[in-house]
2 protein chains.
Amino acid sequence: MSDPVFLRPLAAPDADKGQAVVFGPDQALLLDSGRSLTPFTIAYKTYGTLNANRSNAILICHALTGDQFAASPNPITGKPGWWQTMIGPGKPIDTDRFFVISTNVIGGCMGSSGPAEVNPETGEPYGLSFPLITIRDMVRAQAMLIDHLGIERLFSVIGGSMGGMQALQWAASFPDRVISAMPIACAARHSAQNIAFHEVGRQAVMADPDWHGGAYYGRGTQPSKGLAVARMAAHITYLSEPALQRKFGRNLQNKESVSFLFTPDFQVESYLHHQGMTFVDRFDANSYLYITRAVDYFDLAADHGGVLAEAFRGTKTRFCIISFSSDWLYPTAENKRIAHALNAAAANVSFVDIRTDRGHDSFLLDEPEMFATVRGFLNSVATREGVK
Amino acid sequence: MSDPVFLRPLAAPDADKGQAVVFGPDQALLLDSGRSLTPFTIAYKTYGTLNANRSNAILICHALTGDQFAASPNPITGKPGWWQTMIGPGKPIDTDRFFVISTNVIGGCMGSSGPAEVNPETGEPYGLSFPLITIRDMVRAQAMLIDHLGIERLFSVIGGSMGGMQALQWAASFPDRVISAMPIACAARHSAQNIAFHEVGRQAVMADPDWHGGAYYGRGTQPSKGLAVARMAAHITYLSEPALQRKFGRNLQNKESVSFLFTPDFQVESYLHHQGMTFVDRFDANSYLYITRAVDYFDLAADHGGVLAEAFRGTKTRFCIISFSSDWLYPTAENKRIAHALNAAAANVSFVDIRTDRGHDSFLLDEPEMFATVRGFLNSVATREGVK
């Protein structure tokens with residue numbers, strides 16, 4: 001194990017990607033596929049200070065295209081951390097009080113081992129030789145990091161969307177190591193429609209001739225057009241129809257009338273183009289394939305004889321589930337299904353459905369009710385656990 | 001005007017594409033863009049017999065990727081007509097009683113003038129030199145065909161999805177020529193989310209290097225991969241989440257467990273691939289661009305000072321609006337909005353929302369309540385109009 005380590009630059013070669021740990025051959029990551037990954041790297045960021053009895057650590061799990069820069073500027077984009085409204089001094093996840101650990105998932109492209117990283121055995125980027133991974137594999141790797149940091153139990157595991165799936169998986173895989181968990185805007189399984197949208201995105205990437213069967217590294221190309229199309233399609237699912245209508249409607253882009261051309265006429269088209277273009281500047285196309293696949297494979301009940309409650313039988317973890325009323329990617333009903341399963345497992349669970357028209361991405365937005373819920377839940381667990 | 005005419009073969013050179021009319025230089029089609037199309041062709045199919053006083057003609061308008069083969073086998077695919085359950089002897093649109101005219105829209109690729117057709121001025125396919133078109137342009141062209149056939153008034157104009165938009169546009173543009181109209185599963189405008197999905201599809205097509213800026217004809221290529229991705233994304237919007245879950249769920253494709261590869265694991269993936277592949281065999285990519293754009297431009301209220309009711313002020317046409325409860329592409333609320341506008345215009349309108357989980361494509365499926373509604377509505381109008 002050595003630290004710090006080689007980190008592949010995506011767009012900003014000198015960017016500080018924070019901390020990282022390399023796990024050597026003595027600590028291979030055993031994967032659900034039956035393969036193993038060794039050596040492998042976990043890149044992470046921490047915020048706040050670990051207290052003396054190591055009881056105040058919160059693990060933050062990112063969504064599909066997130067990274068470890070939850071509460072500090074992203075070194076690639078220069079933009080604020082993706083949850084900077086949530087995490088920081090005095091914020092709902094208060095770094096004056098808690099030690100926050102945020103990792104880049106295995107398969108990602110911000111320093112943790114993934115398809116864009118160099119395979120130490122060959123000296124070349126992995127590309128498609130990187131093994132397929134699952135949400136459980138991501139969580140296994142995080143657990144090894146937590147071990148490395150000398151933390152026995154996490155005060156909380158918190159995440160939205162795919163991050164919420166990791167929080168559920170943590171509670172299922174390591175019940176004794178998770179005092180509380182907050183899965184937000186997620187599901188315990190990927191639905192047929194969810195899988196369908198991901199497959200459209202993957203096909204868009206793989207249809208791009210610049211993809212080169214995943215071996216585009218070093219060719220001076222990347223499947224930008226395909227990845228942009230994938231992102232555009234996915235982005236629609238992150239918003240709600242009413243919010244799109246309210247925000248853009250049929251408003252035209254700098255025009256009195258339509259152009260009768262195929263260039264963007266409507267503001268919603270330009271907005272989508274922008275989402276596609278900025279995404280390809282910061283994200284690796286193969287990582288997109290790997291991580292979407294991991295999410296598609298996620299079905300927590302299937303790992304427990306098809307009964308979701310069995311994933312949590314006997315758990316001592318305290319849960320707080322948050323959903324958003326206009327989320328059609330992981331609808332309220334799917335979140336409620338998790339709460340029901342936890343009830344069936346006699347777990348301690350609270351469930352909050354927040355009314356908003358802003359869709360799935362609400363978990364990344366300024367949602368006062370979410371902030372109040374997170375703050376209140378952490379306070380109550382802290383009181384019970386005697387964390388100051 | 002001459003008849004029959006040259007028809008571009010897409011995949012089956014000897015396919016019988018039915019009837020067609022060429023409108024010569026004396027009958028240019030004036031377009032909303034300010035351009036005009038001349039000469040131009042309308043391909044169509046008829047079923048049944050026009051009665052002596054020419055009072056029993058029903059115009060069928062097809063959806064985005066439909067064609068004139070509504071009630072007879074498609075010459076390209078060999079499959080039954082797309083509304084063969086609806087139209088025929090003794091069927092809800094009874095060809096023993098009515099004379100059914102089904103046209104391929106302008107911009108289409110089944111014989112009517114479109115980007116894949118040869119421009120008579122250059123001897124080359126139009127490609128992107130074909131003018132952009134609107135739903136109103138499609139309807140103008142249809143009206144010229146109806147003139148050509150010597151029909152003064154249509155007993156009914158009926159269509160689903162984009163076909164429903166044409167039915168609405170007919171009633172708005174030619175109120176005295178439309179005795180009744182049945183817009184099914186449609187909207188009076190394309191929403192921001194609708195436009196967004198179409199733009200994803202267009203970007204997928206235009207990102208494909210085999211698109212060649214629309215000039216792929218004669219190169220032995222077509223942007224099949226991009227068009228397949230477009231179709232896959234669109235197809236998800238034609239179904240409902242519950243129906244996808246019921247039909248496919250997380251069922252695996254011929255496997256005991258997932259493959260840990262990027263080949264299709266889930267049945268829903270294989271199903272989508274099949275939808276994409278069969279579509280590119282029968283449809284022209286540029287036509288897809290043109291027709292999606294026409295639909296995006298559709299906003300009937302905008303043509304009438306922003307007040308939808310004004311599109312129908314003083315109308316004598318009798319309307320029957322049908323929506324499907326699980327249609328999230330053109331939801332019940334959008335269809336109801338049309339019914340309300342018609343009420344506000346003091347029009348004669350009935351509105352039926354059919355409960356089903358099968359989503360937008362319900363209008364193409366075996367939906368007994370839809371069949372009964374169509375049959376009943378046509379019967380009542382026929383009684384009133386004295387059509388036997």
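User: What are the overall scores?

Analyst: This is a predicted model, with ipTM 0.94 and pTM 0.95. The mean pLDDT of chain A is 94, and 96% of its residues reach 70 or more.

User: Where in chain A does pLDDT stay under 50?

Analyst: That stretch is residues 1-14 of chain A, for which the model has 40 contacts beyond four places in sequence. Where pLDDT is low, the predicted coordinates should not be read in detail.

User: What makes the sheet of chain A open, and which strands stand at its edges?

Analyst: Eight strands of chain A form the open sheet, in the order E1-E4-E8-E5-E11-E12-E13-E14, with mixed pairing. Strand E1 (19-23) and strand E14 (348-354) of chain A each have a single partner strand, so one side of each is left without a neighbour in the sheet. From one strand to the next, the twist averages 20 degrees.

User: How do you know that E1(A) and E4(A) pair?

Analyst: Pairing requires at least two bridges, and five bridges join E1(A) to strand E4 (residues 40-47) of chain A. The two strands run antiparallel. Within this pairing, Gln19(A) has Tyr44(A) of E4(A) as its bridge partner.

User: Which strands does helix H8 of chain A lie across?

Analyst: Helix H8 (residues 332-344) of chain A lies across E13 and E14 of chain A, at about 165 degrees to E13(A). Helix H2 (residues 162-173) of chain A lies across strands E5, E11, E12 and E13 of chain A, running at about 150 degrees to E11(A).

User: Why is the pair of Phe312(B) and Phe319(B) called edge-to-face?

Analyst: Ring centres must lie within 6.5 Å to pair, and planes over 60 degrees apart count as edge-to-face. The rings of Phe312(B) and Phe319(B) have centres 5.5 Å apart and planes at 75 degrees, so the pair is edge-to-face. Phe312(B) and Phe319(B) are both buried. In chain A, Phe312(A) and Phe319(A) also form an edge-to-face pair, with 5.5 Å centre to centre and 75 degrees between the planes, and both are buried.

User: How many aromatic pairs are counted over all chains?

Analyst: The count comes to 33 aromatic pairs over all chains. Ring pairs link Tyr126(A), Phe130(A), Tyr290(A) and Phe262(B) into a cluster.

User: How do you know that the charged end of Arg231(A) sits over the ring of Phe279(A)?

Analyst: The distance cut-off is 6 Å from the ring centre, with CZ of Arg also within 35 degrees of the ring normal. The charged end of Arg231(A) sits over the ring of Phe279(A), 4.3 Å from its centre. Arg231(B) lies over the face of Phe279(B), at 4.3 Å from the ring centre.

Methods:
Residues are numbered from 1 along each chain as its sequence is written. Chains are lettered from A and ligands numbered from 1 in the order in which they are written. This is a predicted model: local features need pLDDT of at least 70, side-chain atom pairs count only at pLDDT 80 or more; totals for chains, interfaces and linings use all residues. Side-chain values use heavy atoms; hydrogens and water are left out. Rings of Phe, Tyr and Trp (its six-membered ring) pair if their centres lie within 6.5 Å; planes under 30 degrees apart count as stacked, over 60 as edge-to-face and the rest as tilted. Buried means under 20% relative accessible area, exposed over 50%, partly exposed in between (1.4 Å probe, protein chains only). pLDDT is the predictor's confidence in each residue, from 0 to 100. Contact means heavy atoms within 4.5 Å. Helices (H or I, at least four residues) and strands (E, at least two) are DSSP runs, numbered from the N terminus. Axes are lines fitted to C-alpha atoms, for helices over the stretch in contact, and angles run from 0 to 180 degrees between N-to-C directions.
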